[in-house]
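Dear colleague,

Please find below the structure that I am handing over to you. My notes on it follow directly after.

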Protein chains: 2
Amino acid sequence: MTQQAYRAHFRCFSGCSGTYPTTQPLYRCPTCDGLLEVHHDIDALRNRSAQEWRDLFDARYRGHEFPYGSGVWGKREWIAPEVPDDFIVSTYEGATNLFHARRLGAEIGIPELWVKQCGNAHTGSFKDLGMTVLVSIVRWAHHIGALKSPVIACASTGDTSASLAAYGAIAGLPVVVLLPRGLVSAAQLVQPLAHGATVLALETDFDGCMAVIRELASRGLIYLANSMNPLRIEGQKTVGIELTQQLEWSVPDWVILPSGNLGNAAALHAGFRMMVDLGLTDRMPRLCVAQAENANPMYRAFLANSETVSPIAAKKSHASAIQIGNPVSAPRAMAALRAMNGVVEQASEDELADACARADRTGLYTDPHTGVALACTFKLRDRGVLTANDRVVVVSTANALKFTEFKLGYHEKTLADVRPQRANLPITLPADVERIAKTIQELSAR
Amino acid sequence: MTQQAYRAHFRCFSGCSGTYPTTQPLYRCPTCDGLLEVHHDIDALRNRSAQEWRDLFDARYRGHEFPYGSGVWGKREWIAPEVPDDFIVSTYEGATNLFHARRLGAEIGIPELWVKQCGNAHTGSFKDLGMTVLVSIVRWAHHIGALKSPVIACASTGDTSASLAAYGAIAGLPVVVLLPRGLVSAAQLVQPLAHGATVLALETDFDGCMAVIRELASRGLIYLANSMNPLRIEGQKTVGIELTQQLEWSVPDWVILPSGNLGNAAALHAGFRMMVDLGLTDRMPRLCVAQAENANPMYRAFLANSETVSPIAAKKSHASAIQIGNPVSAPRAMAALRAMNGVVEQASEDELADACARADRTGLYTDPHTGVALACTFKLRDRGVLTANDRVVVVSTANALKFTEFKLGYHEKTLADVRPQRANLPITLPADVERIAKTIQELSAR
């Protein structure tokens with residue numbers, strides 16, 4: 001097995017000494033309690049030339065041999081080189097459409113506008129990319145005795161718990177979701193419940209849940225799948241690699257990414273960084289981190305030219321998955337922003353909803369987070385930061401089929417803080433062929 | 001362009017003489033008023049050997065070159081050979097995961113149980129496979145003057161209107177959805193509304209709508225995208241070809257297909273037929289058409305050993321897309337059943353819902369139609385029609401994210417005609433670490 005030649009391990013993101021196996025249940029640096037990252041042995045990976053890596057990845061892309069058809073495991077040497085085939089839990093992640101948004105791009109003056117459809121995934125969000133890595137490593141770590149308990153836990157209400165529960169169910173590993181009682185409805189949890197996760201509604205608040213989770217993890221009773229876990233970033237970093245591959249290994253000028261906890265910004269950077277380090281590409285795209293105005297701590301840091309992100313109290317946003325005031329991966333994301341000559345932009349509730357509606361009219365079907373990214377794209381184009389010559393990729397993080405109430409609310413004009421510009425509702429007509437024919441002829445003439 | 005060498009045209013499904021261009025707005029045989037089919041010039045297609053076709057399809061399958069990355073257009077010579085690249089409207093259809101359902105298969109004694117995830121598509125259903133062909137041909141036909149009006153219309157409330165509206169929006173072609181007023185809610189129409197379709201709620205019933213539509217079509221004001229249209233079958237036939245390709249061109253023993261209007265059964269047969277005719281495979285799989293007990297006209301015909309399907313009044317089913325009493329494509333599907341040594345099976349509301357829940361516990365996330373197919377699979381295995389040595393592919397036709405109410409109703413035990421065996425709801429606990437630890441340890445011991 002070629003991947004056995006490669007090695008990856010945890011190390012401190014801030015530079016403390018010491019390395020740790022990725023199979024060890026470790027979530028923070030034992031020295032400074034800061035973030036961890038997965039470090040790959042880049043010198044070992046140089047045993048293949050850039051062209052050999054490109055050829056290998058292209059040969060595996062969407063192939064039928066398990067697990068290489070997965071967009072994540074097709075690049076396994078760069079992700080999680082130690083996991084043997086038999087322990088990999090995969091749903092054929094990635095290989096999502098890079099949609100050339102010709103009509104929308106023409107409207108806004110960016111002919112090369114592309115949307116990376118990460119929500120078109122097994123559980124309907126980009127979280128699958130990271131979860132396949134985390135759950136596979138847990139399975140492997142439990143097998144070799146590095147983990148006492150195979151129970152995996154998280155405290156998410158949304159896409160993370162859905163993805164974790166699905167991958168746990170495929171692997172036959174128990175999954176626990178811990179939440180404050182009364183804070184979330186069964187409807188928000190329908191995916192983890194359907195996948196048989198044990199959902200514990202605790203009589204406490206979110207901080208109380210986190211205290212319980214940390215205690216359980218310290219006793220070795222659960223493995224923590226929260227967004228601090230650097231294994232998820234390893235899988236998510238394939239987004240940047242894959243979209244470059246889909247552009248025939250040509251780096252786009254910009255990537256626009258909706259982000260709340262900021263792990264995906266870190267992941268995007270990690271992927272582009274690795275391609276440069278191994279010579280597959282000669283530059284990185286510029287990054288735009290797109291935030292909801294109601295949850296914009298990184299935007300504020302950017303405006304203030306600050307090196308650190310100060311926590312804020314996030315207000316309610318339709319882009320619920322990025323409604324985060326104190327992002328876990330802020331230091332990672334700030335490093336990404338610097339390395340990728342990035343900017344941060346924000347979108348109001350009104351702007352994100354209308355951006356969704358505008359995109360939907362051109363055949364996309366966009367969730368509110370993609371709406372944030374698109375609204376920021378429109379603003380950057382208006383200001384001339386993006387130009388007609390730029391190739392721009394917007395990352396769509398979730399499937400809009402998860403947001404029917406949001407869509408319906410927009411078109412029925414009942415959505416909080418939104419004044420719809422493009423609402424569309426049924427038109428009632430008598431069953432009169434002449435009358436209907438007239439309506440249709442007006443359509444054709446438009 | 002190699003595809004220019006190939007030809008396809010409409011002809012009568014029942015054998016009347018005459019051929020018609022596929023760009024002609026024709027929905028029924030002008031001689032007998034029966035169904036049409038698309039006929040391909042098989043002799044011309046024999047200019048490539050079976051191996052050459054397999055190699056060509058495999059090379060394109062992984063490609064990034066428009067439009068070949070699409071599972072439909074990667075096989076364009078077999079589908080719609082005349083349409084030039086610039087007129088193709090594609091969302092990178094197909095290439096959906098063929099999920100090896102190891103856990104579910106082990107539970108029921110079919111180790112080689114696979115689920116073809118067709119719902120993981122741009123609009124969340126397999127309808128995209130057919131719609132990309134129909135809308136592309138309309139665009140081309142309008143360009144060459146074969147169609148006066150580019151307005152495309154249908155009378156669907158569900159996946160068909162969602163798919164048509166999205167493809168119309170991408171192409172910039174107007175889409176009209178005609179429905180009886182009061183019969184459907186905005187929630188059921190949220191996709192077509194978001195895509196800017198003109199939804200006309202007519203003051204009449206379904207028959208009245210169909211009368212209007214036929215009149216509009218006869219005047220050349222609209223192009224009809226309903227399920228009678230044989231162009232959609234051409235795209236849908238790639239399901240069988242693609243799943244065989246994913247099995248390294250090895251034909252499975254069985255394909256289990258949920259079906260109501262029966263067009264997809266006809267399409268599946270057409271794909272397998274073409275592979276045999278061109279020597280890519282040497283046999284066809286056996287077919288099981290899976291119907292809801294509440295809408296089972298083909299099941300009744302099968303039991304009665306009848307050559308024809310008699311219309312029935314369909315009762316309400318959670319599998320709403322196949323709640324059809326008078327299937328349009330019945331003659332095509334009966335031919336498929338004969339050719340594929342098929343069977344028809346049915347599932348009650350209780351059986352389909354529980355099959356979904358059982359599958360979801362193993363990491364799938366199944367819509368009610370896939371539930372029908374899985375319930376039929378379980379029954380056929382129990383009866384020994386399916387054996388432990390069979391390789392069985394279940395076709396999943398839609399994304400379960402479209403069916404949140406159904407999932408929630410099951411787990412909250414509020415679903416009509418269903419007594420849930422596998423309901424799962426949150427468990428409320430005090431924030432007591434010892435108590436929670438005990439609950440989790442019981443999980444690990446399971």
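Where in chain A does Pro67(A) lie? Pro67(A) is found in the loop between α2 (50-60) and α3 (76-79) of chain A. Please bear in mind throughout that this is a predicted model.

**Backbone features**

The peptide bond that leads from Phe66(A) to Pro67(A) is cis, with omega near -5 degrees. In chain B, Phe66(B) and Pro67(B) are likewise joined by a cis peptide bond, whose omega is about -5 degrees. Pro67(B) is placed in the loop between α2 (50-61) and β4 (98-100) of chain B. As background, most peptide bonds are trans, and most residues other than glycine have a negative phi.

Glu248(B) is not a glycine, yet has a positive phi of about 55 degrees. Glu248(B) belongs to the loop between α9 (238-246) and β10 (254-258) of chain B, and it counts as exposed because its relative accessibility is 54%, the cut-off for exposed being over 50%. Asn341(B), also not a glycine, has a positive phi of about 45 degrees. The loop between α12 (330-339) and β12 (343-347) of chain B holds Asn341(B), which counts as partly exposed at 47% relative accessibility.

**Annotated domain**

An unreviewed UniProt entry carries the annotation "domain: Tryptophan synthase beta chain-like PALP" for residues 89-397 of chain A. In the model, this span is 42% helix and 15% strand, and its end C-alpha atoms lie 21 Å apart.

**Salt bridges**

Side chains of opposite charge can pair when their charged atoms come close. Over all chains, the count comes to 43 salt bridges. Three of these pairs are described here.

In chain A, Arg422(A) forms a salt bridge with Asp354(A), and their closest N and O atoms are 2.5 Å apart. This pair links distant parts of the chain, 68 residues apart: Arg422(A) sits in the loop between α16 and β14 (427-429), while Asp354(A) is in helix α14 (residues 349-360). Arg422(A) is partly exposed, with a relative accessible area of 25%, whereas Asp354(A), at 15%, is buried.

In chain B, a salt bridge brings together the side chains of Lys402(B) and Asp159(B), at 2.7 Å from N to O. Lys402(B) lies in the loop between β13 (392-396) and α15 (404-411), and Asp159(B) in helix α5 (residues 159-171), so the pair ties together parts that are 243 residues apart in sequence. Lys402(B) is partly exposed, with a relative accessible area of 21%, and Asp159(B) counts as buried at 13% relative accessibility.

Also in chain B, the side chains of Asp360(B) and Lys407(B) meet in a salt bridge (2.5 Å, N to O). Asp360(B) is part of helix α13 (residues 349-360) and Lys407(B) of helix α15, so this pair ties together parts that are 47 residues apart in sequence. Both Asp360(B) and Lys407(B) are buried. Separately, salt bridges with shared partners join Glu345(A), Glu351(A), Lys379(A) and Arg383(A) into one network.

**Surface charge**

Finally, a patch of negative charge on the surface is formed by Glu405(A), Glu412(A), Glu405(B) and Glu412(B). Of its members, Glu405(A) lies in helix α16 (residues 404-411) of chain A. Glu405(A) counts as exposed because its relative accessibility is 62%.

With kind regards

Definitions and conventions: Residues are numbered from 1 along each chain as its sequence is written. Chains are lettered from A and ligands numbered from 1 in the order in which they are written. This is a predicted model: local features need pLDDT of at least 70, side-chain atom pairs count only at pLDDT 80 or more; totals for chains, interfaces and linings use all residues. Side-chain values use heavy atoms; hydrogens and water are left out. Patches are made of residues with over 30% relative accessible area and no salt bridge: like charges are joined within 9 Å, nonpolar side chains (Val, Leu, Ile, Met, Phe, Trp, Tyr) within 5 Å. Accessible areas come from the Shrake-Rupley method with a 1.4 Å probe; for residues, only the protein chains shown count as cover. A salt bridge is a side-chain nitrogen of Lys or Arg within 4 Å of a carboxyl oxygen of Asp or Glu. Lys and Arg count as positive and Asp and Glu as negative; His and the chain ends are not counted. The place of a charge is taken as NZ of Lys, CZ of Arg, CG of Asp or CD of Glu. Helices (H or I, at least four residues) and strands (E, at least two) are DSSP runs, numbered from the N terminus. Buried means under 20% relative accessible area, exposed over 50%, partly exposed in between (1.4 Å probe, protein chains only). UniProt positions are given in the numbering used here, feature names are shortened, and annotations may be inferred rather than shown by experiment.
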